[in-house]
Amino acid sequence: MTITRLHTDATRYRAFARAQARRARRLPRDVVTQRVEEAFRDLCRALQPTLSLEVGAHEAGFSRWLKQEVTDARCVAFEANPYVHEKYDSALAGTGVEYHQLAVSDVDGTVELGIPRQLHNTRRGRRFRKLRTSRMASLSTHRYATLTETVPVRSVQLDDFVRVTDDDVVVAWIDVEGASRSVLVSGTEVLSRASVVYIEVENEQVWDGQWLDIDVARFLGECGLVPVLRDVQRRHQYNVVFAAADLADHPMITRLRDEVYR
């Protein structure tokens, strides 16, 4: 890809992000976040996927919901944190969700998972303790973590773990706390066949070496996915829904966008 193309993609994404952020900020944060999530689920329900992927699954709420909505779908959920997986594993038994205690990254083997146990909020001058079962475990290092527990976990590459065919309809939910680069590059083939992807992104670095929102958008653009919806969670963090290019202008997505920001 040429420098001009990269610049163009970044400019287009910034324009999308700013325009949708202006609309999103007219609503309470919890309202717009809920509406974007519900719109994504409406898309998944309409698509009737054969395969769903949830990376950074925690309690695998999305996978459990989709398995109930589309009973024939294969729902694969990855949770790297062993403490979280142990907490929810028994509850997920018998649901039909494949709940794996695995990291997803570009490494096929063992990786070090960091679990922040104490954070220093430099703006407020306060320190916060975190449980081992919080949602903050990551393959990246949090810049404001003053105490981090590290555990070895098995890692798999997405393209090696799941195989997709031309007949598959793929959806994905990705929430990996600053480790999106490792996840995404491990699944180029799978993601290139995805219809919709919901992913958490940030526009400033709070994790060492992380991909920012523009980097994520550029990669997913190369996979044929374009942004269609976003919310506002924190000043620097939000969720984005990407859709396959041939779906992006579908009347359903246009309607859902209007409903989200109304």
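**View 1. Helix 2 crosses helix 3 in a right-handed sense.** In a right-handed crossing the near helix is turned clockwise from the far one by less than a right angle, and in a left-handed one anticlockwise. Helix 2 spans residues 29-47 and helix 3 spans residues 61-69; their axes are 10 Å apart, at an angle of about 35°. Helix 2 contributes Phe40, Arg41, Cys44 and Arg45 to the contact, and helix 3 contributes Gly61, Phe62, Trp65, Leu66 and Glu69. By class, five of these residues are nonpolar, one is polar and three are charged. Contact means heavy atoms within 4.5 Å. Axes are lines fitted to C-alpha atoms over the stretch in contact, and angles run from 0 to 180 degrees between N-to-C directions. Helices (H or I, at least four residues) and strands (E, at least two) are DSSP runs, numbered from the N terminus. Nonpolar covers Ala, Val, Leu, Ile, Met, Phe, Trp, Tyr, Cys and Pro; charged covers Asp, Glu, Lys and Arg; the others, Gly among them, are polar.

The model is predicted: local features need pLDDT of at least 70, side-chain atom pairs count only at pLDDT 80 or more, and totals for chains, interfaces and linings use all residues. Residues are numbered from 1 along each chain as its sequence is written, and side-chain values use heavy atoms, with hydrogens and water left out.

**View 2. The buried residues of helix 3.** Phe62, Ser63, Trp65, Leu66 and Lys67 are buried (under 20% relative accessible area; exposed is over 50%, partly exposed in between; 1.4 Å probe, protein chains only). They pack against helix 2, strand 1, strand 2 (74-78), strand 3 (97-100) and strand 8 (170-174).

**View 3. Loops around strand 1 and helix 3.** Gln48 sits between helix 2 and strand 1 (51-55). Its phi is positive, near 55°. Most residues other than glycine have a negative phi. Gln48 counts as partly exposed because its relative accessibility is 42%. His58, in the loop between strand 1 and helix 3, also has a positive phi, near 55°. His58 has 8% relative accessibility, so it counts as buried. Thr71 belongs to the loop between helix 3 and strand 2. At 54% relative accessibility, Thr71 counts as exposed. Thr71 and Gln48 are 23 residues apart along the chain, yet their C-alpha atoms are separated by 9.5 Å.

**View 4. Cysteines without disulfides.** The structure holds zero disulfides (pairs of cysteine sulfur atoms within 2.5 Å). For Cys75, the nearest cysteine sulfur is that of Cys44, 9.8 Å away. Cys75 is buried, at 1% relative accessibility. Cys223 is buried, at 8% relative accessibility.

View 5. The core has 39 residues; Tyr13, Leu53, Phe78, Val197, Ile199, Leu220 and Phe242 touch the most other members. Apart from it lies another core, of 37 residues, among them Val36, Val171, Val232 and Val260. A nonpolar core is a set of buried Ala, Val, Leu, Ile, Met, Phe, Trp, Tyr and Cys residues joined through side-chain atoms within 4.5 Å. Phe242 touches residues including Tyr13, Val197, Ala217, Leu220 and Pro227, not counting residues up to four places away in sequence. In helix 8 (residues 213-222), Asp213, Ile214, Val216, Ala217, Phe219 and Leu220 are buried. Gly224 follows helix 8, with a positive phi near 85°.
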